[in-house]
Amino acid sequence: MDNNISIEKSLSILSTNIEKARKSSPIAANGVALLAASKAQPIAVIEEAIGAGVSCFGENRVQEAQEKWPELKKRHPSITLHLIGPLQTNKVKQALSLFDVIQTLDRPQLAEEIARLEALGMSLEGKKFFIQINTGKEPQKSGVFPENADSFIHMCRELKLPVVGLMCVPPVDQPPAPHFALLREIALKNNLSELSMGMSSDFETAVRMGSSCVRIGTALFGDRK
Ligand SMILES: *Cc1c(COP(=O)(O)O)cnc(C)c1O
């Protein structure tokens, strides 16, 4: 990605390409949200993206988000903030007070901790959850294995967690399409409408395969420092 082109220009190219991919496929979603993956981006750069029209952001780390987002959210209350990195059980409370959407619900212990805090009075009103699926069954990656997805989704529903969809990060060394197809199949089977899939290198494939949320870092901001 050319680091000299502006965020505004990158956003316009991305939007055009998302729309083109969407129109080319009968199984594409009716609308695709562009989530700006703003890890390692300073507040000034995030402000530039907001100025260009981005309204949805994703951060990977609770602590980094806590350093950047309280003031940004105060200035821009309509922004939705997603957690797209792993969530430690002892950070759930902080995460729920900062993020609107948690895309990385990935284990029973985490689901139980969220339900426990809710029972203690922490409101989940307006919150949304995605379950992360480890479609490539990579040991270093978080996410529920595909064969355990149905039972984990069921468990989250029993706990009354507002789960809206599934998220995946395919292995870097494999074609992403079969992983996107698997994610979609699990979502359809379980009546979940949202699919968070697709990044800078593969978002067009993801959109053609039904993504409702692409998570874009490099193609919007340029290479991370
Ligand atoms: C960083 C990140 C992205 C964006 O990656 P790019 O390749 O820079 O677009 C998307 N999803 C997750 C989970 C990430 O950590």
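The legends below describe close-up views of a predicted model.

**View 1. Length of helix α7, residues 177-189.** After α7 comes Asn191, a residue whose phi is positive, near 60 degrees.

**View 2. The buried and exposed faces of α7.** The residues His179, Phe180, Leu183, Ile186 and Ala187 of this helix are buried. Around the axis they cover an arc of only 125 degrees, and therefore they lie on the same side of α7. On the face turned away from this buried side, the helix carries Pro178, Glu185, Leu188 and Lys189, which are exposed.

**View 3. Packing partners of α7.**

**View 4. Surroundings of the ligand.** Among the residues that surround the ligand are Ala37, Asn60, Ile84, Met199, Arg215, Ile216, Gly217 and Thr218, and Lys39, Ser200 and Arg224 belong to the surrounding residues as well.

**View 5. Polar side chains at the ligand's oxygen atoms.** A polar side-chain atom of Lys39 lies 2.7 Å from an oxygen atom of the ligand, while an N or O atom in the side chain of Ser200 is 2.5 Å from a ligand oxygen atom. For Arg224, the distance between an N or O atom of the side chain and an oxygen atom of the ligand is 2.9 Å. On its own the ligand has 390 Å² of accessible area, of which the protein covers 88%.

Notes
Residues numbered from 1 in each chain as written. Predicted model: local features only at pLDDT ≥ 70, side-chain atom pairs only at ≥ 80, totals over all residues. Heavy atoms only, no water. Helix = DSSP H or I, 4+ residues; strand = E, 2+ residues; numbered from the N terminus. Expected span 1.5 Å × (residues − 1). Buried < 20%, exposed > 50% of the residue type's maximum accessible area, 1.4 Å probe, protein only. Arc of directions from axis to C-beta. Contact = heavy atoms within 4.5 Å. Near = heavy atom within 4 Å. Polar contact = N/O pair within 3.5 Å; in protein donor to acceptor, adjacent residues only side chain to side chain. Areas by Shrake-Rupley, 256 points an atom, 1.4 Å probe, with all protein chains shown as cover.
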